[in-house]
Structures are given as structure tokens and as C-alpha cells.
Amino acid sequence: MNDVATKAKTKPVTSVEKDSVENLAIFGGLPAFVEKLHVGRPNIGDRDRLMKRIGNVLDSRWLTNGGPCAQEFEHRIADLVGVKHCIAICNATVALEIAIRALGLSGEVIVPSFTFIATAHALQWQEITPVFCDVKRNDPTLDPERVEQMITPRTTGIIGVHLWGHACDVEALGEIASRHNLRLIFDSAHAFGCSHGGRMIGGFGDAEVFSFHATKFVNSLEGGAVVTNDDELAKRTRLMQNFGFTHYDQTDYIGTNGKMNEVSAAVGLTNLESMESIISANYRNYEEYSQELSELPGVELVSYEPTERNNYQYVVLKIDETKTRVSRDHLMAILHAENILARRYFYPGCHRMEPYRSYFPHAGLLLPETERLAERVLSLPTGTAIGSAEIQTICRIIQLAVTNGIEVSKRLNGDVSISE
Ligand code: T4K
């Protein structure tokens, strides 16, 4: 097996010991890493098996339009998740757009603002108004109580996001949706391979949407899927991702081109075979970060529910500046200078990005938890591209910055430039 998931590569590390503030690259020291360490570095499965699959695709001259690899990918996902139907789509954004359309949503749909912009864009793209709802205090998912307060006569649906793989309160949202006759979709872009109440995510609500983008722990280069137990919805979704064609020269609905091509499906299938070893690598990384940072005041690692299945694909810190005395943004700038490209997923919240900022200039008033969270979070590199050596160095730098928080902040003086 030529499976990278089992052999994390160690990046070249400069010989400089990060034992004093003076050694931090932001103050002129050498960067800790020669190469940039990315959040979302793709995991790559067994190359020999992948090349064989791609060879077969080329030999068969069947490259897309529901070919055998896409069909096999769909079956594998439906089996893994325990749903009746999986429709592979070219990416999760288009999958969301199609699910929204196939479910007949219109008017207003309630979504969290604390998500990747694609969740909101998938609605606005179809001239449906995303109504931004707050998340819970210590949980990055929709607050059902707030959801209920935001329902109007124009509301047709709710989209919950299982952010960083943490399941929404699917029971409460399901109950609200059925009481108000609303459709319920979950954006499960981060939650493939995760469970809620012992049941795999994918089978909740009317439909769920996965992402298999390069940065997801199982990738198909670009890719997504709609999963559902609803036969009629599955049929409409499948037709809509192929222009609405029901027969040669005949369409029954409006459709688009959302098809997954065969090379993407071949990559997806191959990476699925490494899924468990990728999760193990993610788990090892998460545990190591957790141990190294556990004693650091003001630095909290967002934890995973140990009784559920988790993919551990996001390692997220919450920074409490009143304790660290160094802000999240200063910490990010310090890490970037060391070539550790930590990310503020999902700062600043959709409501503070265009076009939504202009459409709803006062949305923030109803989103205190979203704004609080967006100011604190920092995602760190993980996945099979890094291992213990990198994590030790990353944690040493965070420890150095936080234990010298006041001095570091004074020196940075609020004027930070972030390089990518
Ligand atoms: N819903 C939610 C909740 C989502 O998070 C997403 C996507 C979607 C829906 C839509 O799914 P897709 O339509 O993409 O299937 C990245 C990903 O592009 C995006 O898929 C993901 N969420 C989001 C959380 O992260 P950016 O804008 O941060 O991407 P970018 O180019 O800055 O890349 C992220 C990091 O990964 C960088 O540090 C570079 C590194 N990278 C990236 C690629 C593509 C690599 O090392 N190699 C690569 O090939 O959005």
C-alpha cells in the first residue's frame, strides 16, 4: 500500500529553537518552517490504486454523466451513512443549490451566519433570502430557540450546519420544522463520517449535503453529494443535476450541470479506502494538540463528543484574550510569520460579508454568539500532511506567545500584517 495516511511527512524545520520572544519570526527570527503548513492540506490515498482506477476510466472512454465510478462512489457513501439515496455532485455548493431547489424552497430560509459563505450563497444565488440565526453559547450550531423566533410567513425552510463535524440539535430542529411545516436540510460539509446519537450524519432532515472538496478529510478533488431517504426528492435531485433530462431530448424540470466526473469519483473511491487511517491520523493530531495546549490559560481546544464517531478534521482553538493577553489576530499573525497558516474559520460570519453586510446592516444585533465566536476561533493545521514534529513546534510557538502575551502584544502594537 502506498497510503500517505499511514506515513505523515515531516516538513523541514529550521534549526532555530523558539525559546524566546526574540526568536519569533514576526520579530525577525527565522521562520520555524521552511515550507508553508496549510490548514486543509489534502489527504491522498493509495496512488497505485488511484492510477489503476484512472487508467480504467481512460480505457473505458466513459468520463462523466453517471459513470461506473460515480455510481460506485454513491453506493459506498449511501452504505457508510445508512441512507437510501446518494447523488454525487460536482461540489457541495452546487449540491446545496440543487437540494434547495429540489425541495422547492423560496422566500426566506433560516441559516446560521457562522458558516462558510457557500451555505448563504446557495440560497441567495436563487434569490432566496438567507435569514441569519445565532448559534448556541458553547456550541457552534444553530440555536433552536432563536430559530423559532425568526420564523415568518415567508419562511419555507431551515438549513442547519454541522459545523466542524459537531451535530446540530437535529431533534429540536426537526420538531420545529414539522410544527411549522418547513423543510429541513443539513449542510454536512464537515460531518462526513460523524455520528449523532449513534446514528451516522446523513440521514437527518429532508436531505443532507456532504463536501468532498480537496480540503475535506475525504476528498474527490472537488465533489459533493446529496443524501436522503426521500425517494421523490432523490429522483428530482438526480434529474436536476443532469439538466432535468428524463429521456433523450426531453426535460421535465429546470436543471443544471452538477454531475461528478469519473476521475473525481475515482479519487473519492480511493480516498474512502483510507478513510479510517485518515481519521486515526486526525485523532492522533487532535490528542497531541490537546495535551500540549491543555495547561495554557485562555486557550481552549474545541473538543469532540467522545461517545460519537468523529472525523477530527478540524483542530480549532478558542482564544480568550482576557487571559492570553495576546489577541487571536496577533496569534494568527505570529503563526503566519512562522509559515503556519492558521485560519479564522468562519470569521467574520456571513452577515459581515458582502452582499449580506449591505442587505442586512443590523443583522449583528441578533447574532451576539456568532460575533463572539468569530472573534475567537483559530483553526490549526492537521491531517496526514503533518505529524508530531510539526505539532510540537506549533504548540511551542503558541505557548511562547501566550506565556509572554503582554510583551508580545505591546511589541505588535496593534499593527499586524498577515502574509499568506
Ligand atoms: N458548506 C460548508 C459549511 C463548507 O465549509 C463548505 C466548504 C461548503 C459548504 C462548500 O463546499 P464545496 O463547494 O467547496 O465542496 C476552503 C474550501 O475551499 C471549502 O471547500 C471549505 N468549505 C472551506 C472551509 O475551506 P477556502 O476559501 O478557505 O480555501 P483555500 O483555497 O484558502 O484553501 C484552504 C487551505 O487549504 C489553504 O491553506 C490552502 C490549502 N490547500 C487548498 C487546496 C485547494 C491545499 O493545501 N491544497 C489544495 O489543493 O475554502
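Author: In this text Ala, Val, Leu, Ile, Met, Phe, Trp, Tyr, Cys and Pro count as nonpolar, Asp, Glu, Lys and Arg as charged, and the others, Gly among them, as polar. This is a predicted model, in which local features need pLDDT of at least 70, side-chain atom pairs count only at pLDDT 80 or more, and totals for chains, interfaces and linings use all residues. Residues are numbered from 1 along each chain as its sequence is written, and side-chain values use heavy atoms, with hydrogens and water left out.

Reader: What makes the lining of the largest cavity charged, polar or nonpolar by class?

Author: The lining has six charged residues, two nonpolar and no polar. Among the lining residues, Lys136, Arg137 and Glu369 are of kinds that count as charged.

Reader: How do you know which helix gives the most to this lining?

Author: Helices are DSSP runs of H or I with at least four residues. Helix 13 gives the most, with three residues.

Reader: What is the distance from a polar side-chain atom of His213 to an oxygen atom of the ligand?

Author: That distance is 3.3 Å, and the pair therefore also lies within 3.5 Å.

Terms used:
Polar contact = N/O pair within 3.5 Å; in protein donor to acceptor, adjacent residues only side chain to side chain. 1 Å grid on protein atoms, 1.4 Å probe; cavity = no way out; pocket = protein on both sides within 12 Å on 5 of 7 lines; lining within 4 Å. Helix = DSSP H or I, 4+ residues; strand = E, 2+ residues; numbered from the N terminus.
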